[in-house]
Amino acid sequence: MDVEVRVFGGLESLIPGARFGQGIPLEVQEGCSVGLLLNRLAIPREKVFTMLVNGCHVTADAILKEGDRISLFPAIGGG
Amino acid sequence: MGKILRVNMSDRVARLEELPEKYSLLGGRALTSQIVFDEVPPDCNPLGPFNKLVIAPGLLSGTTAPSSGRLSVGGKSPLTGGIKEANAGGVSSQKLASLGIKAVIIEGRPSTDDWYLVKVSAAGADLIPANDLAGKGTYEVTAVLLERYGKEVGVITIGPAGEMLMATAGVTNNDNEGNSSRYAGRGGLGAVMGSKHVKAIVVDTGEHFGARVKDVEQFRAAARKFTECLRKHPITGSGLAAYGTDILMNIVNEVGALPTRNFHSGHFDQAREVSGEKLAEVAVARGGKATHSCMPGCVMHCSNIYPMPDGKVCAPIEYETAWALGPNLENANLDIVAKLNYICNDVGLDTIETGCALGVLMEAGVLPFGDGEAAVKALEEVEKATPLGRIIGSGSVCAGKVFGITHVPAAKGQGMPGYDPRACKGNGVTYATSPMGADHTAGYAVTANILRSGGYVDPLKPDGQVELSRNLQIATAAIDSAGLCLFVAFAVLDDPEALPAIIAMLNAQYGLQMTAEDVTKLGQQVLRTEREFNRLAGFTGADDSLPEFFVLEEFPPHNTRFDIDAKELSQVFNF
């Protein structure tokens, strides 16, 4: 199934050719979790603080569905 | 211990007086709010002779505590009609504290149209005629005064907007590089300063760390500990330094809370074009800085220096400004954001209120959404005091009234910051209930709602938001009184050693034995004082609310409404 991943806040430097905020289309297996996706992208788990699927916070064991939009961030603050 | 600089503009006398004993354990917001409560009649005209402008460094300001140089500015707000405290970084707080000055009070009103500046140094205080500065932008005023009195001075000033008594006018002071861009922006306090015909306050000392500390050894140990807490937390230690506050743009957009097109939706497709990642890229490529401190002794370095195509720099561009002048207007051009930001800094306007006002004007069809050049042209009218310029300078509620727009994002008359209450419900509670009006820093629920800092509270559900906002409003009132940058809260929320280190610094500095409970009590007391002032000024429970459309209209992409009712909101201050 097809999903789309976006990375931000410097995580883009971990994926060759990636730009922050640009959708990366990926084909994943049924039952793929967000955590598995991180492995697939070779992003170390400890570098990711926030994982969103379709704009909602999830944990690494969340299972992906067709068409999901995944957004990944390091620890972020501001005001 | 310490002095009050009292400037009476009716008599045109500036004098130093002893700080009353009852104020000896107050600073920053606690002190400005208490003095406003004690000395300003709550029913006075904010632009009349009975309002006062109160400026105070925080309890820790002027010491070597990291990131402790915030300056509080207070008074009755011409925008909300209630009590107001706005705070800024820059150099002036630490300089005032180093001179032993705990508060500056500007009162009365001159009978002529002449302008003045106040100059304070170790030698005393003077009121000096300053008609030559009237009408000038803040950048020029700051440059002139740094030239005239030396590069070491702090310049607290207002732009033409404040002189013209516009309710969106802020009070600025300079950073170490002389940029007049560190704003106590919200609530029109610049107009209060303007109503008293004070164009600038010059704080003449090269000292930043000269405040008296009772137990130097204990203080040093506690400050070292607190610095360590800030350095090891990922947000305060490296996150803020890497991209600044505009790093929020993408995450707020991805969670669907980014107010777009005057608060009609929570997602802007081009948000990344005005994000912190983009800002850092462009700033560095043009020889600016993605990492910068607004005050001496800051360890978080969240500021930036953004070179503009015309050769000037905008330092900083913050998230709130990039959002208000970006996605809120459907503008995806960062150079336009910088230009609008620079004009606001120079003319003396709060960027959040300006963005909200421009958004309302765009909804009214006065300007096209997404037309950056048209927004620049409109903003340039403020200084010229054309009718449209004056409308912009009067804020979003005024703009809505004049042009018949009900979709106005404001609470207690103040324009809303960059998180829609329907997708960030904790912030919605803060906007509705804070004595400050729609103020995000007053109780920054974004921490738990969006950033998962200090826990997690689902931003799309009503559950837990009242408690979240309450706790944050109390904690923030205390931090605002210490002179600490609010961003230390990220470390305080997650690291159990951080708050004790702050308390240890306060105890060592003032010879106290405060506990965490005392800090909570301080925050609660500040809020009680502010709410009581507002009650006497005519506010009721009905004012602790949001505009109807937030309750009635579903907000895409999550299609939620603000569903925390008046009864629940009335529980926020049940202490």
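## Chatting through a two-chain predicted model

Me: Which strands of chain B does helix α3 lie across, and at about what angle does α3 run to β9(B)?
Reply: This is a predicted model, where local features need pLDDT of at least 70, side-chain atom pairs count only at pLDDT 80 or more, and totals for chains, interfaces and linings use all residues. Residues are numbered from 1 along each chain as its sequence is written, while chains are lettered from A and ligands numbered from 1 in the order in which they are written. Helices (H or I, at least four residues) and strands (E, at least two) are DSSP runs numbered from the N terminus, and angles run from 0 to 180 degrees between N-to-C directions, with axes as lines fitted to C-alpha atoms, for helices over the stretch in contact. Helix α3 (residues 138–149) of chain B lies across β9 (154–157), β10 (171–173) and β12 (198–204), and runs to β9(B) at about 145 degrees.

Me: Which strands are the edge strands of the 6-strand open sheet in chain B?
Reply: Two strands pair if DSSP finds at least two bridges between them. The order here is β8-β7-β12-β9-β10-β11, with mixed pairing. Pairing on one side only marks the edge strands, β8 (124–129) and β11 (182–184) of chain B.

Me: How many bridges pair β7(B) with β8(B)?
Reply: Strands of a sheet pair through backbone hydrogen bonds, either parallel or antiparallel. One bridge partner pair is Ser121(B) with Gly124(B) in β8(B). β7 (residues 116–121) of chain B and β8(B) go the antiparallel way, and the count is 6 bridges.

Me: Which elements of chain A give two or more residues to the side that touches chain B?
Reply: Two residues are in contact if their C-beta atoms, placed from the backbone, lie within 7 Å. By that rule, 17 residues of chain A are in contact with 30 residues of chain B. The elements asked for are β3 (50–53) and β5 (69–73) of chain A.

Me: And how many charged residues are on that side of chain A?
Reply: Asp, Glu, Lys and Arg count as charged; Ala, Val, Leu, Ile, Met, Phe, Trp, Tyr, Cys and Pro as nonpolar; and the others, Gly among them, as polar. The side of chain A that touches chain B has 7 nonpolar and 10 polar residues, and the charged ones come to none: no charged residues.

Me: Which helix gives the largest share of the side of domain 2 of chain B that touches domain 3?
Reply: An automatic or database domain assignment sets the bounds, giving domain 1 (3–204), domain 2 (215–243 + 421–575) and domain 3 (244–419) in chain B. The contact takes 30 residues from domain 2 of chain B and 33 from domain 3 of chain B. With 5 residues, the largest share on the domain 2 side comes from α7(B).

Me: How are α14(B) and α15(B) turned to each other?
Reply: Helix α14 (residues 387–394) and helix α15 (residues 396–403) of chain B pack at about 130 degrees, their axes 6 Å apart. Angles under 35 degrees count as roughly parallel, over 145 as roughly antiparallel, 65 to 115 as roughly perpendicular and the rest as oblique. Therefore α14(B) and α15(B) are oblique.
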